[in-house]
Amino acid sequence: SIPEGFQDSFTQWREIVSRQGSVDLALTTQTAMNVQLLACLKLVKTLQVELSSVSDELISSLRGNVQALDVRGSRDVSFEWGSLLYRWNVQSLRWSAQGFGPNEARKLNKAVLQSSWLKGLDLNHNRINDAAVQELTDALSVVESVDLSYNCITEAGAATVAHIIETSPKLTSIILDNNHMSAAGLAKLCEGVAKLQIL
């Protein structure tokens, strides 16, 4: 996170980060100070950011560096996912929106398909329902690991996930605990479980 009085110690802090070889950065506001920070730091590997703070300047500053992205923000925020995932070479994405419908799923699905690097997708605690899972089918099929725990997936969603497990050439791990599946839904999942390393 950005400490108080950062402007006065910018050079010193940057030198420390350079010696570390990477930095985990939490960014919640888009101010001139933050833009200056991001323009100078080329070693950011893990970034936690509010959707409201994502700007073109921020995306350009971190291009090609961020590997793990933890995004917080409302599902109502209009955001170009594809640009961020593609230009930042993100390998792992966690989105905590506390509300995730079919429209958000459709946008994210499209963005993931534009990325050549994304391997992990963490969407736990987002109230994702069966319709949203259906919209995410293509995205879930091209990553290696998925976390859909603590959502609202029922038997219909379980059938979609079972199909993804059976047909995805890459998926090796999927987390589905604390959803709304019955024994019938779990039975559908078990049909494809043999190919997974983690379920």
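This is a predicted model: local features need pLDDT of at least 70, side-chain atom pairs count only at pLDDT 80 or more; totals for chains, interfaces and linings use all residues.
Helix 8 and helix 9 meet through a set of side-by-side residues: Glu 155, Ala 158, Ala 159, Val 161, Ala 162 and Ile 165 from helix 8 touch Ala 184, Gly 185, Lys 188 and Leu 189 from helix 9.

How do the two helices lie against each other, and at what angle? Helix 8 (residues 155–167) and helix 9 (residues 183–190) pack at about 5°, and their axes are 8 Å apart. Angles under 35 degrees count as roughly parallel, so helix 8 is roughly parallel to helix 9.

Now for helix 5, which covers residues 102–114. Its 13 residues, at 1.5 Å a residue, should span 18 Å, and the end C-alpha atoms sit 19 Å apart, which agrees. Its buried residues are Glu 104, Ala 105, Leu 108, Asn 109, Ala 111 and Val 112. As background, an α-helix has 3.6 residues a turn, so residues three or four places apart point the same way.

Last stop: Gly 120, which belongs to strand 5 (residues 120–122). Is Gly 120 buried or exposed? Gly 120 is buried, because its relative accessible area is 9%, and the cut-off for buried is under 20%. Leaving out residues up to four places away in sequence, Gly 120 touches Gln 91, Ser 92, Leu 93 and Ser 145. Leu 140 is 20 residues from Gly 120 in sequence, and their C-alpha atoms are 9.4 Å apart.

| Item | Distance |
|---|---|
| Helix 8 to helix 9, axes | 8 Å |
| Helix 5, end C-alpha atoms | 19 Å |
| Gly 120 to Leu 140, C-alpha to C-alpha | 9.4 Å |

Technical notes
Residues are numbered from 1 along each chain as its sequence is written. Side-chain values use heavy atoms; hydrogens and water are left out. Helices (H or I, at least four residues) and strands (E, at least two) are DSSP runs, numbered from the N terminus. The expected span of a helix is 1.5 Å times one less than its number of residues. Buried means under 20% relative accessible area, exposed over 50%, partly exposed in between (1.4 Å probe, protein chains only). Contact means heavy atoms within 4.5 Å. Axes are lines fitted to C-alpha atoms, for helices over the stretch in contact, and angles run from 0 to 180 degrees between N-to-C directions. Angles under 35 degrees count as roughly parallel, over 145 as roughly antiparallel, 65 to 115 as roughly perpendicular and the rest as oblique.
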